[in-house]
Amino acid sequence: PRALEALLGKERSEHFMNDVWGKDSWEHFPASSSSPSYEDLWSLALIEYHLTNSHYRPWAYENDIKLVKEGETYFTSPEPARWSDVMHRGVVSGGASAVLNNLHNRHAPIQRLCQALEEQLYTFISANSYLSPGGSRG
């Protein structure tokens with residue numbers, strides 16, 4: 001299937017193309033019981049891998065890994081961070097969101113998905129990940 005349909009499912013991808021794409025608005029597509037599974041694309045285990053593996057390509061920019069709370073950045077790391085540091089500095093104890101930027105350049109499955117979406121939609125696609133504690137908005 002086309003990239004958008006694989007990402008959202010048939011009905012939601014049709015809604016996106018007909019009612020959202022090209023309009024002056026955006027829409028969040030929350031997961032539902034009929035949503036496709038993304039475990040093979042991105043998961044908590046993969047987030048941990050990207051934060052902790054020293055042999056993984058170093059993060060290129062200062063804001064590639066950061067902690068954000070109430071719209072304010074209070075921790076950035078230009079090097080791979082230790083998972084425990086990120087979790088205890090903000091996500092667990094401080095109610096912040098861990099932000100991993102530029103995944104379209106770092107994680108091959110997400111990179112392939114972004115490229116497929118770019119081909120289908122004729123626009124640049126980027127990907128970031130936000131890990132927030134339950135009930136928090138980061």
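**The core and its surroundings**

Modeller: Happy to. The secondary structure of the protein amounts to 5 helices and 4 strands, where helices (H or I, at least four residues) and strands (E, at least two) are DSSP runs numbered from the N terminus. Following the sequence, the pattern reads α-α-α-β-β-α-β-α-β. This is a predicted model, in which local features need pLDDT of at least 70 and side-chain atom pairs count only at pLDDT 80 or more, while totals for chains, interfaces and linings use all residues. Residues are numbered from 1 along each chain as its sequence is written, and side-chain values use heavy atoms, leaving out hydrogens and water.

Of the protein's 138 residues, 39% count as buried; buried means under 20% relative accessible area, exposed over 50%, and partly exposed in between, with a 1.4 Å probe and protein chains only. The accessible surface is about 8700 Å², and carbon and sulfur atoms account for 50% of that; the areas come from the Shrake-Rupley method with a 1.4 Å probe. Taking contact to mean heavy atoms within 4.5 Å, 58% of the contacts between residues at least 6 apart in sequence join residues at least 24 apart.

Now to your question. A nonpolar core is a set of buried Ala, Val, Leu, Ile, Met, Phe, Trp, Tyr and Cys residues joined through side-chain atoms within 4.5 Å. The largest one has 23 residues, and Trp 42, Ile 47, Leu 100, Leu 103, Ile 110 and Leu 117 have the most contacts inside it. Two or more residues each come from helix 1 (3-8), helix 2, helix 3 (44-52), strand 1, strand 3 and helix 5 (108-121). Helix 5 gives the most, with 5 residues. Leu 103 is in contact with Trp 42, Ile 110, Ala 127, Asn 128 and Ser 129, once neighbours within four places in sequence are set aside.

Strand 1 (residues 65-69) is mostly covered, with 4 of its 5 residues buried. Strand 1 runs antiparallel to strand 3 (residues 97-100), and 4 bridges join them; strands pair if DSSP finds at least two bridges between them. In this pairing, Lys 66 has Val 99 of strand 3 as its bridge partner.

Helix 2 (residues 10-20) also deserves a look. Ser 13 lies in helix 2 and is buried at 7% relative accessible area. Not counting residues up to four places away, Ser 13 touches Leu 4, Glu 5 and Leu 8.

Lys 10 forms a salt bridge with Glu 14, with 2.8 Å between the closest N and O atoms. The rule asks for a side-chain nitrogen of Lys or Arg within 4 Å of a carboxyl oxygen of Asp or Glu, and the count comes to 1 salt bridge. Lying 4 residues apart in helix 2, Lys 10 and Glu 14 are separated by about one helical turn. Lys 10 is exposed at 52%, whereas Glu 14 is partly exposed at 38%.

Finally, the whole structure has 1 aromatic pair. The rings of Phe 16 and Trp 21 have centres 5.9 Å apart and planes at 40°, so the pair is tilted. Rings of Phe, Tyr and Trp (its six-membered ring) pair if their centres lie within 6.5 Å, with planes under 30 degrees apart counted as stacked, over 60 as edge-to-face and the rest as tilted. Phe 16 is buried at 14%, while Trp 21 is partly exposed at 34%.
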